[in-house]
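Hi,

Here is the structure I promised to send over. Have a look at it first, and my notes on what turned up follow below.

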Amino acid sequence: MAEHFDVLIIGAGLSGIGAAWRLRRERPGTTFAILEARDAIGGTWDLFRYPGVRSDSDMFTLSYPFRPWQGRESMAPGASIRQYIRDTADEGGITPHIRFGATVEQAGWSDGRWSVRLAGGETLTCGFLYACAGYYDYAKGHQPDFPGLGDFAGRFVHPQAWPEDLDYAGSRVVVIGSGATAVTLVPAMAPTAGHVTMLQRSPSYLTVLPERDVVADALRRVLPARAAHKLARVKNILLSQGFYQLARRRPERVKAILRRFALQHLPDPAYVDEHFTPAYQPWDQRLCVAPGGDLFNAVAAGTASVVTDHIDRFVPEGIRLRSGRTLPADVVVCATGLSLLPIGGVTLTVDGTVVDPGGTVAYRGVMLSGVPNFAYCIGYTNASWTLRADLSHRYVLRLLSHLERHGYASATPRETPGNRRPLLDLTSGYVQRALDRFPRQGDRDPWTVRQNYLLDVLTTPRADVRRDMTFTRRGAPVLEEVR
């Protein structure tokens, strides 16, 4: 007989460890296990090992609200984040509940429970399944089909699979891309490489943030760690959400602010306008962060440069551009984005029928229409991932308590008629390429997915878990459905 748990969590990254911490503290009698496909804790922060990998959200909002961030950096390196997640798992007694090398291939709902099949054939069962696997495809990143790539005589790498043996000291490096990964890689590689060129089709918006949070440092000197962390967290939430709202309501003003940031480091207005002034509005795509203006500083120092052009084809000595210019390169880094994968690539079935995530509607941004006792975790596009993740964990725990309190076996969101629109609201290429594979959202509560933490933190903890939800007892008809 398959081993049974009350809850199975997919993924031992930032979200999965946070969910398990909440579960152990608030529902100590609930049995659970975490199924982690990799051999280590950390998720994305264990996968990415490229030079300079770091958070692009401040650690006072990216870290857990229940475990203060003690690090010095506000924008922390990946290794520090990875260790923070591991320490949280150890301190919370979560590590013994993790099953490493457990790749979930298929999960089927029938007879009031989930049967979860792992690669290798093992099957586990659970009453509730919670996918905390993020939405990146860990197997591969996005790579365009570059003409002539086979002719290139140098080294071609993707940041998601960074080779440990890559020695780029003194080399001519071209980083293709203008998103967060490229913006991180260029200043990290510039001090060692001979020269680093960021090759972009079009610019991205960059904002400059300090490497240290001086307000948080001051609070730490006079307050206990937890109180200082909470105040720094609130301050950063208000600032980031306020800046986002300003960008959406007064985009021209924000454009001017971001341009001034660039000009403080690069005094040539023509260079800034050509390479750091996008055609889209701020926050149509996620804003990139340059801690301390590191990318601008590398360009100003002459160790890095930016070229805005299109690739014609690869040639043995580098990349030929449409303008006719050839960029010589010993190493080319393809930072062209990530591939998105809903629910960690797990195939879901309900009573034998395969669930197409793209055909479902997101319920409170946590569950899927027509899928019983299942939740998934995604973060905000305009704020730290953990802010929404922790709200999702708290909602799932409230739903579990409601089921237990009323003797219900299952809860299934039932969609109300209405217009549908994309789940994610960014125009970034990596998002647009995968939108049809992800759930949609509706046009009214509880079927909308807001990008507003300040509103969500007030409403989600009090949300009616019965609304648009069908509850059943094992083998019994519908008991409760609130509209």
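Please keep in mind that this is a predicted model. The largest cavity takes up about 90 Å³. If you want to find the spot in your viewer, go to Gly134, Pro342, Ile343, Tyr376 and Ile378, which lie nearest the centre of that cavity among the 13 residues lining it. What classes of residue make up the lining of the largest cavity? By class there are 12 nonpolar residues and 1 polar one, with no charged residues.

The other part I looked at is strand 8, which covers residues 172-176. Of its 5 residues, 4 are buried (under 20% relative accessible area), so the rest of the structure largely encloses this strand.

Which strands does strand 8 pair with? One of them is strand 9 (residues 195-200), which pairs with strand 8 in the parallel sense over 5 bridges. Within that pairing, Val174 sits opposite Thr197 of strand 9. To get from strand 8 to strand 9 the chain passes through helix 5 (residues 180-189), and this β-α-β crossover is right-handed.

Strand 8 also pairs with strand 16 (residues 331-334); the two run parallel and are joined by 4 bridges. Here Ile176 is the residue that stands opposite Cys334 in strand 16.

Best wishes

Key:
Residues numbered from 1 in each chain as written. Predicted model: local features only at pLDDT ≥ 70, side-chain atom pairs only at ≥ 80, totals over all residues. Heavy atoms only, no water. Buried < 20%, exposed > 50% of the residue type's maximum accessible area, 1.4 Å probe, protein only. Pairing = 2+ DSSP bridges. Right-handed = clockwise from strand over helix to strand, strands pointing away. 1 Å grid on protein atoms, 1.4 Å probe; cavity = no way out; pocket = protein on both sides within 12 Å on 5 of 7 lines; lining within 4 Å. Points joined across faces, edges and corners; volume = space filled by probe spheres on them. Nonpolar A, V, L, I, M, F, W, Y, C, P; charged D, E, K, R; others polar.
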